[in-house]
Amino acid sequence: EMCIRDSYRLGGDEFVIIISKPESVFKMYDIGTNIVRSLAEPMDFNGDVIYSTASIGIETYSKHTSHVKHLLRNADQALYKSKRNGRNQLCFFDSLMLSQYLERKEMISDLHKAIEKNEFFICYQPIVEMKNQEITKAEALIRWEHPTKGLISPVDFIPLAEETGLIVEISNWVFQEVIRQIKRWRLKYKSNLQIKINTSPLLYLNDGALLKDWVALLYQNEIPPQAIGIEITENILMDNLIEVSSVIDFLRRENIQISIDDFGTGYSSCLLY
């Protein structure tokens with residue numbers, strides 16, 4: 001069944017479909033639903049069955065969005081919402097999405113400046129040994145003090161940092177701050193203190209080249225690898241099992257402790273039901 005007569009490739013796996021004088025918004029919804037349903041059907045490719053899905057964002061022409069650039073921008077934001085909501089569906093653009101888009105654009109711009117302006121700082125959450133009530137470990141938690149917006153939650157800026165790739169630069173900054181701190185605290189307070197660092201999926205790309213640079217920095221600063229712990233979420237582990245496993249093997253051979261963070265919130269939570 002043909003859902004459309006023609007489309008224009010925007011780049012990569014994104015396409016633009018222009019519907020001239022649709023009968024109604026409901027008609028646009030029906031066309032979009034038919035596209036999603038059609039692409040979800042299994043396809044035979046040289047004897048192999050392939051499954052695919054589509055996420056669709058829809059914007060309608062009006063006197064407020066008559067410019068092509070605005071139409072594409074709004075449709076792209078609706079597409080982003082569709083993907084965020086679980087993919088394989090369609091979403092319409094609305095005024096709230098425009099507000100969210102502008103806020104998101106501004107935050108990304110501010111994130112680019114945050115490191116050079118020294119707006120990040122680290123809070124250390126102590127981990128207490130229950131047997132003797134001693135602090136043996138701590139977790140490094142990044143915080144962002146925006147000059148005009150105040151304290152911004154990591155829940156708001158970390159996903160954007162990962163999406164834009166800025167998380168790599170931010171993680172490097174965190175690591176350098178942590179090794180400076182752990183060196184001082186080990187000398188002054190506790191010689192076997194360990195600080196844990198949360199890691200992003202992007203740090204495991206390219207065979208974990210960045211994490212391997214971290215290990216080299218530890219040796220250069222005469223800090224034993226046991227002083228640092230790496231935290232990884234179970235979703236990172238399961239979504240990128242082959243690539244992540246080889247990096248984890250390297251870190252363990254270097255005597256860096258690996259911990260699974262947010263355990264029970266992803267794949268393993270499914271096993272509880």
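Buried denotes under 20% relative accessible area, exposed over 50%, and partly exposed the range in between, with a 1.4 Å probe and protein chains only. The model is predicted: local features need pLDDT of at least 70 and side-chain atom pairs count only at pLDDT 80 or more, whereas totals for chains, interfaces and linings use all residues. Residues are numbered from 1 along each chain as its sequence is written, and side-chain values use heavy atoms, without hydrogens or water.

View A. Helix α5 covers residues 166–188; helices (H or I, at least four residues) and strands (E, at least two) are DSSP runs, numbered from the N terminus. Among the buried residues of α5 are Trp173, Phe175, Gln181 and Arg186. Glu177 and Arg180, both in α5, are three residues apart, about one turn of the helix. An α-helix has 3.6 residues a turn, so residues three or four places apart point the same way. The two side chains form a salt bridge, with the closest N and O atoms 2.4 Å apart; the term requires a side-chain nitrogen of Lys or Arg within 4 Å of a carboxyl oxygen of Asp or Glu. Glu177 is partly exposed at 25% relative accessibility, and Arg180 is partly exposed at 44%.

**View B. Salt bridges of helix α3.** The whole structure contains six salt bridges. In one of them, Arg104 pairs with Glu163 at 2.0 Å between the closest N and O atoms. Arg104 belongs to helix α3 (residues 95–114) and Glu163 to helix α4, so this pair ties together parts that are 59 residues apart in sequence. Arg104 is buried, with a relative accessible area of 17%, while Glu163 is partly exposed at 41%. A salt bridge also joins Glu106 and Lys149 (3.6 Å, N to O). Glu106 lies in α3 and Lys149 in the loop between β8 and β9 (150–152), so parts 43 residues apart in sequence are tied together. Glu106, Asp110 and Lys149 are linked in a network of salt bridges.

**View C. The second largest pocket.** This pocket holds about 580 Å³ of space. On a 1 Å grid over the protein atoms alone, a pocket is an open set of points with protein on both sides within 12 Å along at least five of seven lines, a cavity is a set where a 1.4 Å probe fits but cannot get out, and lining residues have an atom within 4 Å of a point. The pocket is lined by 23 residues, of which Ile158, Glu162, Asn198, Thr199 and Ser200 are the closest to its centre. At least two lining residues come from each of β8 (134–146), α4 (154–164), α5, β10 (194–198) and β11 (228–233).

**View D. The largest cavity.** The structure has one cavity of 30 Å³ or more, and the volume of the largest cavity is about 40 Å³. Elements that give two or more residues to its lining are α6 (205–220) and β11, with α6 giving the most, four residues. The lining includes Phe175, Trp214, Ile230 and Ile256.

Terms used
Expected span 1.5 Å × (residues − 1). Points joined across faces, edges and corners; volume = space filled by probe spheres on them.
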